[in-house]
Amino acid sequence: MNLETSNTLIDQAKKLATASHNRVAIAIVDAGGNLVSFQKMDGTQLGSIELAIRKAKTALSFARPTADMEHALNSGNYMISTLPNALPAGGGYPIMVNNELVGALGLSGGEGETDAHLAQSAVTADLKGKDHGMKTRRHMHRKKLAVFFLCAVFGSVGSSRHAFAQSETSQNLSTPDSYKSRAFAMEGVGTFAVGPLVPSLYGNPHLFGDWGGAQTWLTKHGMYLNVALNEEYMANVTGGRTRDNVLAGQVAAELDVDWQQLAGIKGLWTHLLVINGHGRSFSHTLGDSVTNPEQIYGARGNVVAHLVSMYADKSFLNDRIILSLGDIPTGSFFAFDYVACSFMNVSVCSNFAPGKYVPGGRDWPSGNLGGVLRLRPTEETYIMGGVFAVSPHSYNGGISGWALAQSGLGKVSSQIEIGWMPSFGKNKLRGNYKIGAWYDNSRYPNLYEDINGNSFQATGLERRYEAGMTSAWFMFDQMLVRNGPGITDGLILLGGVGYAQGNLVAMRDHEWIGAVESGTPWHRSGDQAGIMFQHMDMSRTVSLQQESSLALGLPFLANQWGPVYGVQNWENVYEAFYSTHIMRGTTLQADFQYLQRPGATTTFKDAAVIGGQLTSNF
């Protein structure tokens, strides 16, 4: 990228801006991210100077238009808001010559869509009109015919409105390389985003960079590989069953393949996630199996590669319908809240307890054989339903997760969720509201009653088995104050309530409310802070069982949450954290939790817990 070429691009951008009655600032950077040229049209706001430069550098760093990143954020790919030194707002566009990234243009001054359109038009118009080492017109003509043939075979390209609304998925005959993979098959302006998360899709930074060119080659062919390390430390400074500290962690490897980009199979994705874990659970020594302060715990079966998920997505009708089949963690789709995973306490991460700890709703790191059908009636609403096989064993797929053909998979769990995703006001304060339920048609023992309705411990008679287990939830997150263009770049309120059938499940209900704030106001956009309150009620049925054990002098029976140390009623958790971006692809989080009535009993004193979490994408 030389000075002459960059000035030509700026002149083209100014010409387009003038024609559309816009006043903008334009920046050009070379392949190394160095500023080559910059101009500000008369009357352009001063804030656009820095924004134009940042947009250019963002488009260069992540090798894609910044409008694509903004669309992904608006669709729920929250991870983009954590990318360091990135400005995911329309107006940045990469400059490609012979499929090689040679620089980028950044433009600011108009509305987001206007900036994006001007930047793209300036780059594409200039590179089409002048010879900068691009392919000849004759070769481009042949390529247009080839793309037209592929479109005829694999489906129509959709209306121009759909192409503009979903620029990352559009097909343009003049620029056939414009198709880009997307993290969610229903992604776009105003649409919803539920599973799968593809952390490397939008250039999630890696500690070791491009892996010597391997990442570029993989993503060019539609393969998105991410390897992440998560290490956690927890210690109780006071309270609990015993004083202790633990170190636990995991290495996770995820491979997501876009078969449309790899082999031309439209709307098909496959996903594989395996993990290797180490360490032990803090709950045992703390004496609290109701809520675990750790997010990552346990050795994940003590196997080299524990299977978490392995499934495929296929979209239909211009991505209005998606069918997913395979080994799927239910919480990757239902009752899912990515923002809540900013907190270390696992009871609200991904989806909530109690639903994720019972056979019909087991979640990550357990997969469930089944399928999910997702529908989008309007731009701001969705409906999805799923059917999953219920494993009668302690672990889905065995301790390793790979034993997919387990015995006893005759019963099913049916799930449904309805969601609304509005954007309020001129700042587009994004909200996510969802309500859902599931029903498991398996038979489960009543926690207290024998066949006659009395205490099975007192009478010694057979326990009563009941058909069907239910769980339900309402969850939300709502941005209250916007600090920047990212979907999580601001002050966000989040909360919810979850319920499970108390005669069969030890925890009856769970309520939580919290807030997270990005570090943008104090000039640390890669940082995040948050506070959370949780309240958990144990079921009256399990309390009766434990009172019976106490009266009869019998040991307390363990339940879905593990060992019991007294008659269980309720527990509160107060949590605060601060996450610091320390280097490329790496964050360090400090966390404090106060557990009131650990284990939902008065057996142990309230516990104060400190912790830390190191996360790095290799």
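**Group meeting: introduction to a predicted protein structure**

Good morning. Buried residues make up 55% of the 618 residues in this protein. Please keep in mind throughout that we are looking at a predicted model.

Let me begin with the overall picture. The protein contains 11 helices and 21 strands. Its accessible surface comes to about 25,300 Å², and carbon and sulfur atoms account for 60% of that area. Turning to contacts with a separation of 6 or more, 64% of them are between residues 24 or more positions apart.

Helix α1 covers residues 3-19, which is 17 residues. From its first C-alpha to its last, α1 reaches 24 Å, close to the 24 Å expected at 1.5 Å a residue. Where do the buried residues of α1 lie around the axis? The residues concerned are T5, S6, L9, I10, A13 and A17. They cover an arc of only 135° around the axis, and therefore sit on the same side of α1.

The buried residues in α2 are S48, A52, I53, K55, A56, T58, A59, L60 and F62. Just after α2 comes A63, which takes a positive phi of about 55°.

Next, the surface. A nonpolar surface patch of about 1,000 Å² is made by F316, L317, L323, L325, L373, L375, I383, I416, I418, I435, F474 and V497. Which strands each supply at least two residues of this nonpolar patch? They are β9, at residues 321-328, β10, at 368-375, and β12, at 412-420. V497, also a member of the patch, lies in strand β16, which runs over residues 490-500. With a relative accessible area of 34%, V497 is partly exposed; a residue counts as buried under 20% and as exposed over 50%.

Finally, the charged side chains. A search of the whole structure finds eight salt bridges, and I shall describe three of them.

In one, the side chains of R508 and D537 meet at 3.8 Å, N to O. R508 lies in strand β17 (residues 507-518) and D537 in strand β18 (residues 528-538), so this pair ties together parts that are 29 residues apart in sequence. Are these two partners buried or exposed? R508 is partly exposed, at a relative accessible area of 35%, whereas D537 is buried, at 17%.

Another salt bridge joins R524 to D527, with the closest N and O atoms 2.8 Å apart. Here R524 is partly exposed, with a relative accessible area of 35%, while D527 counts as buried at 4% relative accessibility.

In a further salt bridge, between E547 and R540, the closest N and O atoms are 3.3 Å apart. E547 counts as partly exposed, at 34% relative accessibility. Beyond these individual pairs, salt bridges that share partners join R508, D509 and D537 into one network.

That concludes my presentation. Thank you for your attention.

Terms used:
Residues are numbered from 1 along each chain as its sequence is written. This is a predicted model: local features need pLDDT of at least 70, side-chain atom pairs count only at pLDDT 80 or more; totals for chains, interfaces and linings use all residues. Side-chain values use heavy atoms; hydrogens and water are left out. Patches are made of residues with over 30% relative accessible area and no salt bridge: like charges are joined within 9 Å, nonpolar side chains (Val, Leu, Ile, Met, Phe, Trp, Tyr) within 5 Å. Accessible areas come from the Shrake-Rupley method with a 1.4 Å probe; for residues, only the protein chains shown count as cover. A salt bridge is a side-chain nitrogen of Lys or Arg within 4 Å of a carboxyl oxygen of Asp or Glu. Helices (H or I, at least four residues) and strands (E, at least two) are DSSP runs, numbered from the N terminus. Buried means under 20% relative accessible area, exposed over 50%, partly exposed in between (1.4 Å probe, protein chains only). Contact means heavy atoms within 4.5 Å. The expected span of a helix is 1.5 Å times one less than its number of residues. The arc is that of the directions from the helix axis to the C-beta atoms.
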